[in-house]
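Trainee: Could you show me how to read a protein structure, one feature at a time?
Mentor: Gladly, let us look at it together.

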Amino acid sequence: MPAPISNYVPQLAAGGRRPAWVWAAVSAGALFILAVMFAAPLLAAGGYVFSARAAYAFFGAVCHQMPERSFHLLGHPLAACARCAGLYAGFAAGVLLYPLARPLGARHVPARGWLFAAAAPTALDFSLGLLGVWENTHLSRSLTGALLGAVAALYVVPGLVDLSYAARLRAFRVGAHASEQ
Amino acid sequence: MNDKMKPAIIGGVVLGVLSAIPFVNMVNMCCCAWAIVGGVLAANMYIKNSTSPVSTGDGAQVGAIAGVIGAVIYLILGVPLGIVAGQAMFSSMTGMFERMMPPEQAAEVRRQMEMQQAAQGGFIDQLPQALMFGLIGAILLVVFATVGGLIGTAIFEKRKGAAGAPPPPPPPNFGGPAGGTYGAGS
């Protein structure tokens, strides 16, 4: 059965540099987050109190920032805890290496089993620590977080590429409707 | 109403209210968990109501709309509630210290906390700073709700043929028989 005309995807939208731009934007965002995370202790050590406070506040909304659960730089804790630091670092690495693993224009995500498999070590490390079975360390928290972050990039980048196409397609349809009238 | 709006409003209200309630919002300290839950919930509801397979881009869009709605609720409800809860926590903590500590030590702690609170000022004095931090939190809610929408679509969309899915392989006789039909009539 032929597909309805509403499902038609203009081939103009399928190519171009759009995926590269999306990837560049996500990479820039991931690197910005990493930079803020590492800048906080450096600013605090340098005596830039207000800037350091702003950097810590940026992560304060999404992380408990307990010093005893965080890596330290120049005597000050990073702006995010060890698990979050691993997660963001892994995500940044995953996004930067993404073009080596998959074509930038790919809009389909890997099977969801990979996401669950990547989340399992973090969940295990967290729950065993909570139950007192296993004393998790900075290294275990950051490595399990990094694995989850890196795999999450494989879902986020194609999703945002697809979103950018959806936005472009809508603009195309609006333009087509306008020219019909 | 757009078919994306209803799930986005429900997801947005859930994430906004849960992120605004003091103490309950501490769950957000685990990678903005309420925002991710709101995005996943919105994507799940959208997938259930959609007759055709939902692409990850659509899921991200629903998550982002839910994030914006949640962020507005968080700014309206969460910022003033946070200031009020901070003041309430001050009185409960001083009461706790007075019960737990020797009187002179408790008085010293109380004096220091009162000095700190005096430096922060009252509700109106704290509002600009709380709004600034609230805006940062609101932006993060939108970002993480979008990620939640993406992850929700990856988890819950089980139908084949979403817009982003790879195309199916061509049928075996696609393009005619091998070698073509040229000259077959002669």
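Mentor: The helices (H or I, at least four residues) and strands (E, at least two) are DSSP runs, numbered from the N terminus. Before we go on, note that this is a predicted model, in which local features need pLDDT of at least 70, side-chain atom pairs count only at pLDDT 80 or more, and totals for chains, interfaces and linings use all residues. Residues are numbered from 1 along each chain as its sequence is written, chains are lettered from A and ligands numbered from 1 in the order in which they are written, and side-chain values use heavy atoms, with hydrogens and water left out.

Trainee: Is L74(A) buried or exposed?
Mentor: The general idea comes as cut-offs: buried means under 20% relative accessible area, exposed over 50%, and partly exposed in between (1.4 Å probe, protein chains only). L74(A) has a relative accessible area of 60%, so this residue is exposed. Its phi is also positive, near 50 degrees, in a residue other than glycine.

Trainee: Which value of phi does Q65(A) have?
Mentor: Q65(A) is not a glycine, yet its phi is positive at about 55 degrees. You will find Q65(A) in the loop between α3 and β1 (72–73) of chain A. With 22% relative accessibility, Q65(A) counts as partly exposed.

Trainee: How many helices and strands are in chain A?
Mentor: Chain A has six helices and two strands, in the order α-α-α-β-β-α-α-α along the sequence. Of its 181 residues, 36% are buried.

Trainee: How do I read a pair of aromatic rings?
Mentor: Such a pair is described by the distance of the centres and the angle of the planes. Rings of Phe, Tyr and Trp (its six-membered ring) pair if their centres lie within 6.5 Å; planes under 30 degrees apart count as stacked, over 60 as edge-to-face and the rest as tilted. By this rule there are three aromatic pairs over all chains. One of them joins F32(A) and F58(A), edge-to-face, with 6.2 Å from centre to centre and 85 degrees between the planes. This pair links distant parts of the chain: F32(A) is in helix α2 (residues 18–46) of chain A and F58(A) in helix α3 (residues 49–60), 26 residues apart. The rings of F58(A) and F59(A) are centred 5.3 Å apart with their planes at 75 degrees, so that pair is edge-to-face too.

Trainee: Which residues form the aromatic cluster?
Mentor: F32(A), F58(A), F59(A) and Y88(A) make up one cluster. Within it, F59(A) counts as buried because its relative accessibility is 1%.

Trainee: What does a nonpolar patch on the surface look like here?
Mentor: Like charges are joined within 9 Å, and nonpolar side chains (Val, Leu, Ile, Met, Phe, Trp, Tyr) within 5 Å. Accessible areas come from the Shrake-Rupley method with a 1.4 Å probe; for residues, only the protein chains shown count as cover. Here F126(A), L130(A), L131(A), V133(A) and W134(A) form a nonpolar patch with about 600 Å² of accessible area together. W134(A) is in the loop between α5 (112–131) and α6 (138–180) of chain A and, at 41% relative accessibility, counts as partly exposed.

Trainee: How many residues of chain B are in contact with chain A?
Mentor: Contact means heavy atoms within 4.5 Å. On that basis, 30 residues of chain B touch 25 residues of chain A. Buried area is the accessible area (1.4 Å probe) that two parts lose on being put together, summed over both. Between these chains that area is about 2,200 Å², with 70% from carbon and sulfur atoms. M29(B), C31(B) and L150(B) supply 21% of what chain B buries against chain A, more than any other three residues. The count of salt bridges between the chains is zero.

Trainee: Where is T153(B), and what does it touch?
Mentor: T153(B) is in helix α5 (residues 123–156) of chain B, a chain with five helices and zero strands. At 3% relative accessibility, T153(B) counts as buried. Leaving out residues up to four places away in sequence, T153(B) touches A43(B), I47(B), V54(B), S55(B), T56(B) and G59(B).

How values were computed
Patches are made of residues with over 30% relative accessible area and no salt bridge: like charges are joined within 9 Å, nonpolar side chains (Val, Leu, Ile, Met, Phe, Trp, Tyr) within 5 Å. A salt bridge is a side-chain nitrogen of Lys or Arg within 4 Å of a carboxyl oxygen of Asp or Glu.
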